[in-house]
Amino acid sequence: MNKRIGIISYGSLSALGGEPAAIWSNYLHHRSLLCFDQALSAWVGALPAVEEHRLCASDTIKTYQKLDRTVRLALLAAEGAMKEMAHPSSFRWGINWGSSRGATERFEKYHSDFLTGEALSPNSSPLTTLGNVSSWVAQYLGLQSININHSVTCSTALHALLNGIVWLESGRCDFFLAGGTEAPLTPFTVAQMKALRIYAHSAEAVYPNQSLDLNKEHNSMVLGEGAAGFVLSKKTSHPPLAWIAGVGYAMERISSPSGISAKGMAMQAAMRMALHEAALSTVDVIVCHTPGTVQGDKAEWEAIQAVFGDNIPSLTTNKWKIGHTLGASGALSLEMALLMLQHQTFIGMPLGSFKDQKAPKKIRTIMVNATGFGGNAVSIILSKEP
């Protein structure tokens, strides 16, 4: 891989907020941002009030209120990612913005209308197609571009990054906007996760999601909403925030639709591929996928031990703080990695098995992991240097 592909800028929206200063401030304290939603009878990672207001009342987004919440989250995150881009329409662009579940809110509303005999809106089909995420991002930004949308479950956002790298390497794009978005805080989606018996059930926990706690006895996954996108480029005229040093991807055989092997074989293969491509034997930090399930967290830990042996990097995750944002989770983990590189500050764990681990003195390389239903896994390595 050509290592001179960098992340030029990014934008995001999640329980952490939507402005870089607020996001970083929220990472610096050890308070969970999860809250209990009485209507859903579940813990969730929802937008803070100020960002909820911006999503619903922004003059620039009012035109798009008919769109699903998943798409509107992507629009605001994309707007943030493009703030630093001067004259973007003068370049060749690619956009790949994915989602695991897609238009959950709109789909559930239209299906409810159908079941109760109400006349369906003519928008019921175009606004629930998976492809409407990237196409509306392009419309919103006014870009003539190749627009790709996909779902690769919880590794969707990092697969978008992989696609962006290939398009840039091919020379067909000057810049590529890659991201993920998810708005899964809907009755049916929460019920689906509860049916898997992986959802946090404690109503008064300080940390409802026990991500990366290898000693937990119960599953503790919590759904969160959010979106994040990244502008990628090979152009040296735009100094990057970080370089993409290596990427890895893999599939493994599974025994059930939601299964993952006990040893995390796909994750092992993805991490090894990324390390080989980056010509590294280790990294300073790993931002783990670890959704807070007993099996999923242990499988990733087994994979990390198999790959790194006695030289385990510092481990962290953000799901205990903001929940699992499904198709957007890899993107929000990537944002966390960029912030740690930028501030040279390791954001550790306030709970669980890695609460007291030693922080690296200097952060030069960070690996970001994502895995999902279907047995797929992706690893991305970011570096301060090309």
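Where is the place of T290? T290 sits in the loop between β10 (285-287) and α9 (294-308). Helices (H or I, at least four residues) and strands (E, at least two) are DSSP runs, numbered from the N terminus.

This is a predicted model: local features need pLDDT of at least 70, side-chain atom pairs count only at pLDDT 80 or more, and totals for chains, interfaces and linings use all residues. Residues are numbered from 1 along each chain as its sequence is written, and side-chain values use heavy atoms, with hydrogens and water left out.

T290 is buried, with a relative accessible area of 1%. Buried means under 20% relative accessible area, exposed over 50%, partly exposed in between (1.4 Å probe, protein chains only).

Two residues have these contacts (heavy atoms within 4.5 Å), leaving aside neighbours within four places in sequence.

| Residue | In contact with |
|---|---|
| T290 | S211, L212, D297, E300, T317 and K319 |
| M340 | W24, V285, V287, T316, T345, F346, I347, I363 and I366 |

M340 also belongs to the largest nonpolar core, which has 47 residues. A nonpolar core is a set of buried Ala, Val, Leu, Ile, Met, Phe, Trp, Tyr and Cys residues joined through side-chain atoms within 4.5 Å. F230, L232, I244, M340, I380 and L382 touch the most other members. Helix α11 (residues 329-343) gives the largest share of this core, nine residues. A second, separate core has 31 residues, including Y64, A77, M82 and Y140.
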